[in-house]
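Subject: Structure handover

Hello,

I am passing this structure on to you. Please have a look at it first; my notes follow below.

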Amino acid sequence: MAVERIALEDFNQHFSSYTELSSVALGGRIVNVSDEFFAEAFHLLLVEPAPSMKGQFGPNGALFSGWETRRHNPTYDWCVIQLGTTGNLCGFDVDTANFNGNEAPEVSIYALHDPELKDPAHDDPRWTEVLPRSNLGPSSRHLFKIPATTSYNYVKIHMYPDGGIARFRAYGEVSPVHPSSDVAFDLAHVFAGGRVLAVSDQHFGVGSNLILPGRGKNMGDGWETKRSRTKGHNDWVIIQLGAPGRLEQVEIDTNHFLGNFPESCEIHAIRDVGDINWSFPSSIPDNSQWTVILPRTKLSAHKQHYFELENTEDKIFTHIKVTIHPDGGMKRVRVIGRKAEHVEEDRVTTDLLTTNKTRVSARSMSRASTRSSNITSITAEPLTAEAFQPFGRVIQAYNPSSSASSSLKVTPANGGTASKFHKLSLLSSSYPQTSGATTGISVYRCQPLEDVVDGVTVLRTLERHSCTSQAFIPMGAGGGEGIEDPASRYLVVVAHNGADDKPDMQTVKAFIATAAQGISYDAGIWHQPMTVLDKPLDLACVETQIGDGSKLDCEILDLESIYILKLE
């Protein structure tokens with residue numbers, strides 16, 4: 001895993017657009033801890049920086065604002081944390097402030113996803129290492145940037161062998177929660193996937209507070225800029241909405257800001273279809289590219305303001321820019337609207353989405369927009385042994401006149417009533433000998449894919465089996481009645497592994513297989529989970545596996561960019 005240590009002065013460049021998933025402001029909490037003899041672990045998640053408590057003592061010794069365990073643990077101490085919301089992890093801030101001589105010398109971090117939110121034990125086999133064992137130093141912040149992970153809702157800290165950590169921040173991208181498109185909701189909310197991309201100034205309070213839940217507890221959990229002394233000055237914040245949407249209303253809350261609220265504010269909106277380079281400050285679109293949705297309007301102290309928006313009819317927006325005059329503080333910004341399930345025609349690539357009315361998840365749209373990614377179109381072709389050979393083998397019988405049969409060993413069988421096509425695919429397995437993996441035959445009963453409109457669907461997920469080949473052989477219509485329609489089809493999408501140990505999407509290929517064809521994926525080939533197109537279909541699966549649900553058996557990856565699959 002490629003881990004990058006980030007200098008503290010580069011924090012904003014690398015972390016400011018991510019969400020602090022572990023924050024108590026989102027509901028982060030300590031689940032369990034191995035030991036907290038000198039200082040309790042709840043301090044790890046506090047919002048405020050760790051203060052010095054030098055010279056203060058309690059019944060167990062010197063007091064520290066942090067997590068500190070007793071001495072001489074021969075292995076490691078651990079702390080399990082539930083994140084405030086599910087998300088992809090991108091980095092960590094491990095702060096040993098004020099711990100000098102008693103700091104944790106090393107740390108590693110693990111993550112786990114439990115869809116039922118059942119608190120895991122520290123030795124749960126599902127824990128996955130996301131930060132390898134790394135050195136720490138005394139009384140300093142340590143920033144680690146990691147490749148974006150899949151979605152997790154728990155993390156676990158190991159510190160070796162014992163000692164103290166003052167604060168812990170887990171940064172990443174929220175896995176958004178959205179209602180259906182006919183329900184109005186706060187598109188900017190952090191749980192909807194909203195993100196504060198940039199601010200002109202955040203001297204007293206950070207911009208990311210604007211989209212947190214609730215109304216906060218004091219001025220410290222809002223956004224507040226320094227006092228300006230220049231005529232005509234203004235400050236601004238840019239918020240990426242959690243999904244493209246049609247906007248209706250905005251709430252501006254100045255709760256707790258009494259003598260330092262802005263005199264007035266205005267709001268602009270823009271729609272990004274992948275053509276805006278959001279690198280700040282040089283690339284902020286100029287005002288001519290934004291639409292005014294709230295003209296400059298007076299604000300008051302310690303109040304929730306509700307405004308109907310203008311110039312939003314039949315328009316879709318992805319970002320808003322809130323400008324305050326001349327400076328001051330706000331607590332929250334709520335942008336009420338309805339998610340745009342279908343993206344309107346804009347370019348040739350986005351036209352594929354609207355012409356075929358294919359639904360794309362708001363999360364994928366948001367990420368594709370943020371990273372200026374293109375929407376890639378992939379055309380599925382009929383499955384042939386030659387085209388599939390770089391990824392695995394096709395298992396089927398051939399007509400005697402077929403060119404394919406000439407390269408195979410074919411012999412008469414069963415007293416001349418059959419032809420045997422020898423070893424169309426070999427089984428392979430590279431599990432460790434101590435893993436307990438066994439080879440067997442399972443059956444998948446697959447229901448046809450529903451999200452296909454006018455021959456188009458969206459590729460969302462790929463998986464791989466690093467230690468085993470995996471073969472699928474059609475058995476007939478779901479229910480065991482036999483193959484009623486030889487033309488029943490299923491979709492096969494494959495890709496090689498890339499240099500970053502993720503799918504190399506430059507190598508992706510899509511095939512349409514018939515119920516007369518089986519397939520065998522080579523070990524380590526990324527592929528779409530089995531996807532049936534026309535009617536229910538049973539498929540026999542031949543594979544080797546441990547069967548414990550571990551990553552060694554199956555690794556699943558949700559794609560961040562948008563890939564359109566054209567089936568016809």
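Let me start with one residue. Glutamate 555 is buried, with a relative accessible area of 16%. Glutamate 555 pairs with lysine 551 in a salt bridge, and their closest N and O atoms are 3.8 Å apart. Lysine 551 is partly exposed, at 45% relative accessibility. The pair is part of a network: salt bridges with shared partners join Arg464, Asp501, Lys551 and Glu555.

Keep in mind that this is a predicted model.

Salt bridges elsewhere

The whole structure has 22 salt bridges. One of them joins the side chains of aspartate 201 and lysine 226, at 2.5 Å from N to O. These two sit 25 residues apart, aspartate 201 in the loop between β15 and β16 and lysine 226 in the loop between β16 and β17. Aspartate 201 is buried at 12% relative accessible area. Lysine 226 is partly exposed at 40%.

Another salt bridge runs between glutamate 248 and arginine 338, again with closest N and O atoms 2.5 Å apart. Here the partners are 90 residues apart: glutamate 248 lies in strand β17, arginine 338 in strand β23. Both count as partly exposed, glutamate 248 at 30% and arginine 338 at 31%.

The cores

The largest nonpolar core has 63 residues. Leu89, Phe168, Leu247, Ile320 and Val333 touch the most other members. Strand β17 gives the largest share, seven residues. Domain 1 (4-174) and domain 2 (184-339) each supply at least three residues. Leucine 247 has contacts beyond its sequence neighbours, including Leu187, Ala269, Phe317, Ile320 and Val335. A separate core of 19 residues includes Phe391, Val394, Val494 and Val532.

Histidine 189

Histidine 189 lies in the loop between β14 and β15. Histidine 189 is buried, at 16% relative accessibility. Away from its sequence neighbours, histidine 189 contacts Gly194, Ile211, Leu212, Pro213 and Arg334. A polar atom of its side chain lies 3.0 Å from the backbone nitrogen of phenylalanine 191. The C-alpha atoms of histidine 189 and valine 335 are 8.0 Å apart, although 146 residues separate them along the chain.

Best wishes

Note on methods: Residues are numbered from 1 along each chain as its sequence is written. This is a predicted model: local features need pLDDT of at least 70, side-chain atom pairs count only at pLDDT 80 or more; totals for chains, interfaces and linings use all residues. Side-chain values use heavy atoms; hydrogens and water are left out. Helices (H or I, at least four residues) and strands (E, at least two) are DSSP runs, numbered from the N terminus. Buried means under 20% relative accessible area, exposed over 50%, partly exposed in between (1.4 Å probe, protein chains only). Contact means heavy atoms within 4.5 Å. A polar contact is a pair of N or O atoms within 3.5 Å; within protein, one must be able to donate a hydrogen and the other to accept it, and residues adjacent in sequence count only if both atoms are side-chain atoms. A nonpolar core is a set of buried Ala, Val, Leu, Ile, Met, Phe, Trp, Tyr and Cys residues joined through side-chain atoms within 4.5 Å. Domain bounds come from an automatic or database domain assignment. A salt bridge is a side-chain nitrogen of Lys or Arg within 4 Å of a carboxyl oxygen of Asp or Glu. Lists of a residue's contacts leave out its neighbours within four places in sequence.
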